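Here are my comments on the model you sent over.

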Amino acid sequence: MAEEGKGAERVTFSRGYDVCIMAIDGTWRRDCTLNAISDTDAILTVEGSIQGLNLKEFFLLLSSTGLAYRRCELVRVNGAEMDIQFLRGKNRKKRGAANGHDAVV
């Protein structure tokens with residue numbers, strides 16, 4: 001999932017960190033565990049079924065208050081593990097952009 005030529009390094013945690021995924025429109029929210037993260041993507045573990053959740057685009061809440069977030073899309077599901085990719089700008093992926101991270105509120 002790392003971009004080629006960018007040398008993006010993924011940090012893998014020895015124990016996961018509690019985070020949430022939330023629908024863009026706020027209609028659902030699901031607790032999950034952050035296992036690894038890089039500038040462009042992350043690996044999560046979600047307990048329970050993700051069936052019925054619209055994971056085309058969602059927020060990853062990085063704090064218990066929900067104030068820090070990244071806009072994401074699902075890349076891959078393997079059992080309870082999900083690979084997600086961070087979106088940059090307005091709903092689009094920018095390859096090779098120098099600094100187009102979503103705002104942290």
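**Notes on the predicted model**

1. Strand 4 (residues 58-61) and strand 5 (residues 69-78) run antiparallel and are joined by 4 bridges. Strands here are DSSP runs of E with at least two residues, helices are runs of H or I with at least four residues, and both are numbered from the N terminus. Two strands count as paired if DSSP finds at least two bridges between them. Within this pair, Phe59 has Arg71 of strand 5 as its bridge partner. Strands of a sheet pair through backbone hydrogen bonds, either parallel or antiparallel.

2. On conventions: this is a predicted model, in which local features need pLDDT of at least 70 and side-chain atom pairs count only at pLDDT 80 or more, while totals for chains, interfaces and linings use all residues. Residues are numbered from 1 along each chain as its sequence is written, and side-chain values use heavy atoms, with hydrogens and water left out.

3. Confidence comes next. The average pLDDT (the predictor's confidence in each residue, from 0 to 100) is 80 for the chain, and 77% of the residues score at least 70. Residues 1-5 stay under 50, and the model has 13 contacts for them beyond four places in sequence; a contact means heavy atoms within 4.5 Å. Residues 93-105 also stay under 50, with 25 contacts beyond four places in sequence. Where pLDDT is low, the predicted coordinates should not be read in detail.

4. The overall fold can be stated briefly. The chain has 0 helices and 6 strands. The 6 strands close into a barrel in the order 1-2-3-6-5-4, with antiparallel pairing. From one strand to the next, the twist averages 45°, taken between N-to-C directions of lines fitted to C-alpha atoms, on a scale from 0 to 180 degrees. Among contacts between residues at least 6 apart in sequence, 47% join residues at least 24 apart.

5. Strand 3 pairs on two sides. With strand 2 the pairing is antiparallel over 5 bridges, and the two strands form a hairpin with 3 residues between them. Ile37 stands opposite Ala42 of strand 3. With strand 6, strand 3 again pairs in the antiparallel sense over 5 bridges, and Asp41 stands opposite Gln85 of strand 6.

6. Strand 6 also pairs with strand 5, in the antiparallel sense over 6 bridges. Cys72 has Phe86 of strand 6 as its bridge partner. The hairpin of strand 5 and strand 6 has 2 residues between the strands, and in this hairpin Gly79 takes a positive phi near 65°.

7. How much of the chain is buried? Of its 105 residues, 34% count as buried, where buried means under 20% relative accessible area, exposed over 50%, and partly exposed in between (1.4 Å probe, protein chains only). Strand 3 is largely enclosed by the rest of the structure, because 5 of its 6 residues are buried. Strand 6 is likewise largely enclosed, because 5 of its 6 residues are buried.

8. The largest nonpolar core has 17 residues, and those with the most contacts inside it are Ile21, Leu44, Phe58, Leu60, Met82 and Ile84. Strand 1, strand 2 (29-37), strand 3 (41-46), strand 4 and strand 6 (81-86) each give two or more residues to this core. Such a core is a set of buried Ala, Val, Leu, Ile, Met, Phe, Trp, Tyr and Cys residues joined through side-chain atoms within 4.5 Å. In soluble globular proteins, nonpolar side chains tend to be buried together.

9. Ala23 lies in strand 1 (residues 11-23) and is buried, with a relative accessible area of 5%. Ala23 touches Trp28 and Phe59, not counting residues up to four places away in sequence. The C-alpha atoms of Ala23 and Lys56 are separated by 9.6 Å, although the two residues are 33 apart along the chain.

10. Leu62 sits in the loop between strand 4 and strand 5 and touches Val19, Ala68 and Arg70, not counting residues up to four places away in sequence. Tyr17 is 45 residues from Leu62 along the chain, and their C-alpha atoms are separated by 8.9 Å.
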